[in-house]
Amino acid sequence: MPELPEVETTRRGIEPHVVGRRISRLLVHDRRLRWPVDASLAATVAGSAIRRAGRRAKYLLIETDAGTLILHLGMSGSLRVLPASTPRIAHDHVDIELDSGQTLRFNDPRRFGSLLFTAADPTTHPLLRQLAPEPLEAEFDGQYLWKITRRRAVAIKQLIMNSRLVVGVGNIYASEALFRARVRPRRQARSLRREECNRLARAIKATLAMAVKVGGTTLRDYVGADGNPGYFRQKLYVYERDGKACRVCGNLVRQFTQGQRSTYWCPHCQK
Ligand SMILES: [Zn+2]
């Protein structure tokens, strides 16, 4: 599933190809995404210029003169920039054709992705207005984590994956950030000391920033015609490494199920 770093990598990949271009035509081949694509959308955005390719949490925000396209990759979605004449393959659902002769093509086998539109400020859209701070921004820090953990008995891993409190920390990065911060995933959120909150905030930022950086090296895949969405595998400390030696201490990495998701951790390194 695309997580925040993959979405940011996608944003950076498409940005130079779309900003400053006009949408010559929007073609919706299959409206049945997570929410049906509005039938009037093609007429609304045709001819409008793209000003910016932004992101909020895992939503890509393509800002145009007419308003903002809000695109979510869902479980299996990917975007590619291709010559508009490129034949479609299975699960290519939307083409945003540009005046450059290229198209921004959305492919999504499972159709949990979405394409919405707002003429208003996108940050006030119902899907976006309740979102927590961006973990890569300055407002997200140890003080913020300290504040939101004080009264919460929930396990810290589940807290950092709650998008109403922290956006963009999916299952992989939650395990990895807790390892880096040396905090056990099952710890009650409110039991974290101030210093641990500081460490965890730094670890979340470092884990996501590294993933974005590694993703940056595969950007070419996003603009190629090879159909490869280019998701990367960074060097992970614990995720899916159960039974293997911890990269720091050499003891075995363990796995357990938490909130129906697999959690990976090192009992020796994490307290
Ligand atoms: Zn270890």
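Predicted model: local features only at pLDDT ≥ 70, side-chain atom pairs only at ≥ 80, totals over all residues.
Strand E3 covers residues 59–64, and E2 and E3 are paired in the antiparallel sense over six bridges.

Together with E2 and E3 they make an open sheet of four strands, in the order E2-E3-E4-E8, with antiparallel pairing. Look at the edges of this sheet, where strand E2 (50–56) and strand E8 (114–118) stand. Each has a single partner strand, so one side of each is left without a neighbour in the sheet. On average, neighbouring strands here are turned by 20° against each other, direction ignored.

Select helix H1, residues 4–18. H1 lies across E2 and E3, and runs at about 175° to E2.

Move on to the other sheet by selecting E1, E6, E7 and E5. These four strands form an open sheet in the order E1-E6-E7-E5, and the pairing is antiparallel. Which strands are at the edges? They are strand E1 (23–28) and strand E5 (78–83), and each of them pairs on one side only. Neighbouring strands of this sheet are turned by 20° against each other on average, direction ignored.

Finish with strand E6 (residues 92–98) and strand E7 (residues 102–107), which pair in the antiparallel sense over five bridges. Within this pairing, select Ile-96: opposite it in E7 stands Leu-104.

Key. Residues numbered from 1 in each chain as written. Heavy atoms only, no water. Pairing = 2+ DSSP bridges. Helix = DSSP H or I, 4+ residues; strand = E, 2+ residues; numbered from the N terminus. Axes fitted to C-alpha atoms, helices over the stretch in contact; angles between N-to-C directions. Contact = heavy atoms within 4.5 Å.
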